[in-house]
Amino acid sequence: MTTTGTAEVAVRHILSDKVTGGFLTPKTRTITWTSAHYTVKRPPSGKHTVELTCTECSASLLAEVRDQSTTRTLAALMRVIGIVCGVVFFAALAYAIHEGGKTLPEGQSLPVLFPISVVAVVVTFVAGPVFYLHGRNYNGVSMLDAPKPRRGHQIRPVKAARTRVRTRR
Ligand SMILES: [Zn+2]
């Protein structure tokens, strides 16, 4: 395989991250940032580290970039895990409702599988969408853990081919 390819990323400089409300009013999180667009080269195989500079504060950020085929495999894998979670979620939910709704004869307790199904419902409810969305957006670029001046930055994948309107919150 000789195609190395590139990945599009946005380097975000977080200006403020405020959480308001939470007691009487609904909790809202307001994050503002400026972002710079970068195109990073992928390694032929494996992964390599690239340095990106924040246009806002000129901090240098280290990002790890994976090769094209590994990226595709991981993205597909995450989507599959997300879908499997969805299937497990509905199966476990149906089972939990079915077992939980039964009127049990005296002296009989719920099957062992019941608490397991409840746990499965909760776990897959959270993990499913996370994996699925992560898999959809994954482009093989991740920011490496950075010390102080680099904190307050994010590296986000940018889909080059598609234009998407996103509302900033
Ligand atoms: Zn910055």
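**Reading the core, sheet and helix of a predicted model**

User: Which residues make up the largest nonpolar core?

Analyst: As a general idea, nonpolar side chains tend to be buried together in soluble globular proteins. Here the largest nonpolar core has 12 residues in all: Ala7, Val9, Val11, Val40, Val50, Leu52, Cys54, Leu61, Ala63, Val65, Val141 and Ile155. β1 (6-20), β3 and β4 each supply at least two residues of this core. A nonpolar core is a set of buried Ala, Val, Leu, Ile, Met, Phe, Trp, Tyr and Cys residues joined through side-chain atoms within 4.5 Å. Buried means under 20% relative accessible area, with exposed over 50% and partly exposed in between (1.4 Å probe, protein chains only).

User: What should I know about the model and its numbering?

Analyst: It's a predicted model: local features need pLDDT of at least 70, side-chain atom pairs count only at pLDDT 80 or more, and totals for chains, interfaces and linings use all residues. Residues are numbered from 1 along each chain as its sequence is written, and side-chain values use heavy atoms, with hydrogens and water left out.

User: What does Ile155 touch?

Analyst: Contact means heavy atoms within 4.5 Å. Not counting residues up to four places away in sequence, Ile155 touches Val9, Ala10, Val11, Leu52, Ala63, Val141 and Met143.

User: In what order do the strands of the open sheet run?

Analyst: Strands (E, at least two residues) and helices (H or I, at least four) are DSSP runs, numbered from the N terminus. Two strands pair if DSSP finds at least two bridges between them. In this open sheet, 3 strands lie in the order β3-β4-β5, with antiparallel pairing. β3 (47-53) and β5 (141-143) are the edge strands, each pairing on one side only. β3 and β4 (residues 60-66) share 7 bridges, and Thr49 stands opposite Glu64 in β4.

User: How does β1 pair with β2 and β6?

Analyst: β1 runs antiparallel to β2 (residues 28-41), with 14 bridges joining them. Val19 has Arg29 as its bridge partner in β2. β1 also pairs with β6 (residues 153-157) in the antiparallel sense, over 5 bridges, and Val9 has Pro157 as its bridge partner there.

User: What does helix α1 pack against?

Analyst: The buried residues of α1 pack against β4 and α2 (113-137). They include Thr71, Met78, Cys85 and Phe89.

User: Why does Thr71 count as buried?

Analyst: Because its relative accessibility is 4%. The side chains of Thr71 and Arg42 are joined by a polar contact of 3.3 Å. A polar contact is a pair of N or O atoms within 3.5 Å; within protein, one must be able to donate a hydrogen and the other to accept it, and residues adjacent in sequence count only if both atoms are side-chain atoms.
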